[in-house]
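Please read the following briefing alongside the sequence and the coordinates.

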There are 2 protein chains.
Amino acid sequence: MRRRVQEGVQRVHIARPETPLQARLLRLLRDRGPQARGGLAEVADLSRTRLGAELDRLAVAGLLEVRRSDAGRHSATVDLHPDLRFLGVDVGATSVDVGVTDGRLRLLGRRGRELDVREGPAVVLDAVVALWRELRAEGRAVELHGAGIGLPGPVASDEGVPVAPPLMPGWDRYPVRDHLVRALGCTVVVDNDVNVLALGEHHAGAARGVDDVLFVKLGTGVGAAVFLGGRPYRGATGSAGDVGHLGLDDSAEPCPCGARGCVEAVVSGAALARTATAAARSGASPVLARRLAAAGRVTARDVAAAATEADPEAVRLVRESGRRVGRLLATLVSFANPGLVVLCGGMTGLGHTLLAEVRAEVYRRSPPLATGDLPIVLSELGTAAGLVGGARLVSDHLFAA
Amino acid sequence: MRRRVQEGVQRVHIARPETPLQARLLRLLRDRGPQARGGLAEVADLSRTRLGAELDRLAVAGLLEVRRSDAGRHSATVDLHPDLRFLGVDVGATSVDVGVTDGRLRLLGRRGRELDVREGPAVVLDAVVALWRELRAEGRAVELHGAGIGLPGPVASDEGVPVAPPLMPGWDRYPVRDHLVRALGCTVVVDNDVNVLALGEHHAGAARGVDDVLFVKLGTGVGAAVFLGGRPYRGATGSAGDVGHLGLDDSAEPCPCGARGCVEAVVSGAALARTATAAARSGASPVLARRLAAAGRVTARDVAAAATEADPEAVRLVRESGRRVGRLLATLVSFANPGLVVLCGGMTGLGHTLLAEVRAEVYRRSPPLATGDLPIVLSELGTAAGLVGGARLVSDHLFAA
């Protein structure tokens with residue numbers, strides 16, 4: 001079986017389910033793992049005859065395999081084809097990461113490098129393709145079934161292009177999807193980075209099995225994503241959750257987008273690094289001053305380390321960040337009334353001091369009805385969320401018939 | 001037919017659809033009006049035999065009637081029963097309004113009075129029942145099929161009780177639904193006032209036929225509601241849209257809820273009245289000063305009137321309100337990415353000067369992808385929205401089988 005699929009790999013790997021029922025069977029195997037053939041008829045609510053016909057078609061298409069058992073036909077095991085491969089791509093403001101998964105979206109290998117997104121789409125997408133080639137050379141995959149990519153800005157997902165992304169000069173309406181389809185030779189889906197992180201955490205992380213979830217990414221940039229009824233909510237034009245450039249308060253902090261007092265200018269990792277640098281220079285924090293002298297700059301990670309060393313100014317900065325994040329979050333929680341909040345992105349490295357302040361602020365500012373049973377937790381997958389999420393993004397597309 | 005129903009009124013009027021199919025037929029007649037029997041089978045995608053059986057059951061239950069035609073059985077007209085009556089109840093911060101509708105939610109009559117919600121649940125709900133009795137005495141209805149009520153605070157709709165409402169002392173967890181079920185003798189559904197207004201505008205007003213809609217009520221209080229995919233989104237615990245007591249900016253305006261800088265303290269009709277009173281006292285606005293002298297107080301309505309008289313300070317106040325509302329709205333639009341925004345509540349009496357400022361602020365602050373095709377409009381139903389919406393609320397419940 002495996003040999004036959006590899007011989008016909010070019011034809012077979014672009015196969016897709018032909019009916020909603022086939023798509024549902026593939027999603028079921030993706031999300032629940034291998035199933036006994038006898039049990040599958042029951043789980044999928046199908047007659048055994050009908051199920052058999054659908055399984056045969058999916059096996060011929062190279063999408064799944066049925067492993068016979070000595071115990072008889074109905075105790076055979078049905079599984080996604082072992083050669084199914086998805087690529088997840090996470091483009092951050094200052095980094096590019098790619099990861100290969102199997103059909104069940106388990107990460108088989110990953111590669112990444114630092115790269116400023118402002119280098120523009122040609123440079124960044126070439127880096128994506130080069131990283132994928134490294135993984136392929138390692139033997140992580142022969143061919144991709146599909147790739148899902150998250151970008152740190154607004155994306156018109158239907159068209160596969162970013163739209164007026166504030167921090168990505170040169171990317172506005174660049175045909176990211178078409179570029180990668182040509183370069184990777186597979187189906188590609190493009191979305192906002194936070195939506196992709198959310199898909200990852202919902203598939204295999206902190207939000208597994210929860211219907212209404214608010215995800216907030218606190219990194220160089222800041223953004224949100226929402227799951228409603230177990231599905232991503234993207235809004236009328238796909239920009240739901242794009243809160244990074246709202247005026248958060250009357251602060252006069254300038255933002256790279258050109259406005260003042262934006263969320264990203266006030267609560268992001270970049271904003272924290274700027275405030276921490278000032279604290280290092282003014283002598284308010286001896287620990288941060290030493291780090292500035294040693295490395296020539298201070299990052300959010302330095303603040304986390306200094307707080308761990310009980311540097312009072314660093315602890316104060318983390319708490320202040322938490323209060324500002326909490327203020328933003330209180331707005332989103334009051335409005336959306338989620339059942340769970342998941343924080344992700346680099347700033348979550350500030351850990352439980354940050355989390356405690358965020359929680360206090362949300363519980364203080366939002367209505368009791370909205371916060372009574374509301375857990376606020378950190379990402380479980382960390383930097384893998386965007387990779388698993390990218391794989392989930394494209395598999396949702398392919399397995400939707 | 002009609003006489004038979006009235007004889008059996010007690011039994012018949014508590015009838016409800018028994019199956020999802022029956023419920024669907026009732027909603028179809030409610031939303032699209034009378035249907036030719038022949039066409040209904042097609043619209044509902046049913047065999048004529050099946051349809052006939054369901055229609056017979058619903059007719060016996062007193063929920064619809066089939067008016068025979070001389071042209072034959074299939075050209076008979078199917079309509080909701082003409083005796084179906086719903087009550088919509090809109091409890092505001094300073095007013096109570098009730099309205100009776102027919103099965104298609106057309107308002108047949110309404111009554112209202114000024115009443116401070118802080119008088120407490122017993123006084124306010126007694127007023128609701130008294131107003132309903134006046135309508136009944138006018139012959140607007142014999143008996144109610146159901147009543148839907150909107151309250152100006154957070155409501156646990158499943159339990160029919162308000163939960164920690166900031167502006168409604170004495171109402172916390174008061175059994176509003178059970179109180180009204182006993183007093184009115186019909187099914188009662190309770191919800192937040194903005195959700196109910198939104199149902200009204202979605203059923204018969206500015207949002208008819210639009211799937212993803214953001215509603216913002218600007219009255220004595222401020223709140224929001226969201227429709228996603230054509231249905232109200234209430235959140236994990238029913239408090240979605242409850243944004244009135246968020247910290248909007250660093251303003252130190254005190255709010256009756258005890259906090260400072262709340263949305264309601266900064267952008268509500270009450271906040272505008274307070275600022276306008278100060279302008280009248282300081283001599284900044286001669287027109288408002290005259291109104292203060294004449295009536296002993298200045299309301300948002302006075303500001304609207306003074307702006308119409310081209311009083312510069314009043315125009316400035318309206319514009320300033322618009323900018324503040326726009327700032328709140330930009331946050332909600334960026335986050336929810338709706339396809340339409342509907343503004344309702346008393347402050348919309350400030351008209352197009354307010355609307356122009358709101359629009360300018362939202363278009364300036366929210367991402368282009370979210371505002372490219374985004375209409376921001378005023379309520380079409382005005383004060384009837386809460387009454388039609390209340391009727392819609394309970395009919396959705398009754399016609400859900």
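**Strand pairing in chain A**

Within S3(A), Leu80(A) is the bridge partner of Leu64(A). This is a predicted model, in which local features need pLDDT of at least 70 and side-chain atom pairs count only at pLDDT 80 or more, while totals for chains, interfaces and linings use all residues. Residues are numbered from 1 along each chain as its sequence is written, and side-chain values use heavy atoms, with hydrogens and water left out.

- Strand S2 (residues 64–67) of chain A runs antiparallel to S3(A) and is joined to it by four bridges, where strands are DSSP runs of E with at least two residues and pairing requires at least two DSSP bridges.
- Strand S1 (residues 35–36) of chain A is also antiparallel to strand S3 (residues 77–80) of chain A, with two bridges between them; Gln35(A) has Val78(A) as its bridge partner.

**Interface between chains B and A**

- In chain B, 42 residues are in contact (heavy atoms within 4.5 Å) with 42 residues of chain A.
- About 3,200 Å² is buried between the two chains, 60% of it from carbon and sulfur atoms, the area being the accessible area (1.4 Å probe) lost on being put together, summed over both parts.

**Helix H16 of chain B**

- Helix H16 (residues 385–398) of chain B, a DSSP run of H or I with at least four residues, reaches 20 Å from its first C-alpha to its last.

How values were computed
Chains lettered and ligands numbered in written order. Expected span 1.5 Å × (residues − 1).
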